[in-house]
Amino acid sequence: MAKTRLIFGIVAALSATLAKFVHEICPYPLIDEIFHIPATQRYCEGNFAYWDPKITTPPGPYLLATGILKFLNVFKPTECDTKNIRMTNAFLFPILFYVLTEFCAHLHGRPQVCLKNDFFLFFFSQTRCGRLQ
């Protein structure tokens, strides 16, 4: 259990550091973010009827990011901008990492990392954490 917490802490620290680094290199929407960022921003504004027909992702990730940002706004003014929307993935990634590692340990009888392909894309607003892909 202590080892799991240590690994979770390391993953959380890496996640936050990498998310900050990615945003410093690329502060503007990239790849599918050109659709996901504006959709999340409309949700942050309370416009839940907004939908871009080019988006194939269900609204769950936008609702989740909006909820996280609204919650944070209670403690500190938090804008619904590209950086903070991306940071919601940095917040969700360690949780997803922990849950999937535990799930794989249950399936395979030993801890095993199940997140191999999309690691880097978690630091963009690609909706992967929100969809638990």
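This briefing describes how helix 2 packs against helix 3 and helix 4, and the loop residue Asn-47. The model is predicted, so local features need pLDDT of at least 70 and side-chain atom pairs pLDDT 80 or more, while totals for chains, interfaces and linings use all residues. Residues are numbered from 1 along each chain as its sequence is written, and side-chain values use heavy atoms, without hydrogens and water.

**Helix 2 and helix 3**
- The axes of helix 2 (residues 33-44) and helix 3 (residues 60-75) come within 9 Å and cross at roughly 55°.
- In contact (heavy atoms within 4.5 Å) are His-36, Ala-39, Thr-40, Tyr-43 and Cys-44 of helix 2 with Tyr-62, Leu-63, Ala-65, Thr-66, Leu-69 and Lys-70 of helix 3.
- By class, this contact of helix 2 with helix 3 has seven nonpolar, three polar and one charged residues.

**The loop between helix 2 and helix 3**
- Asn-47 lies in this loop and, at 32% relative accessibility, counts as partly exposed (between the limits of under 20% for buried and over 50% for exposed, with a 1.4 Å probe and protein chains only).
- The Asn-47 side chain reaches the backbone nitrogen of Tyr-50 at 3.2 Å.

**Helix 2 and helix 4**
- Helix 2 and helix 4 (residues 82-108) pack at about 95°, with axes 10 Å apart, which makes them roughly perpendicular (65 to 115 degrees).
- Glu-33, Ile-37, Thr-40 and Gln-41 of helix 2 meet Thr-82, Ile-85 and Arg-86 of helix 4.
- That contact has two nonpolar, three polar and two charged residues.

Conventions: Axes fitted to C-alpha atoms, helices over the stretch in contact; angles between N-to-C directions. Helix = DSSP H or I, 4+ residues; strand = E, 2+ residues; numbered from the N terminus. Nonpolar A, V, L, I, M, F, W, Y, C, P; charged D, E, K, R; others polar. Polar contact = N/O pair within 3.5 Å; in protein donor to acceptor, adjacent residues only side chain to side chain. Parallel < 35°, antiparallel > 145°, perpendicular 65-115°, else oblique.
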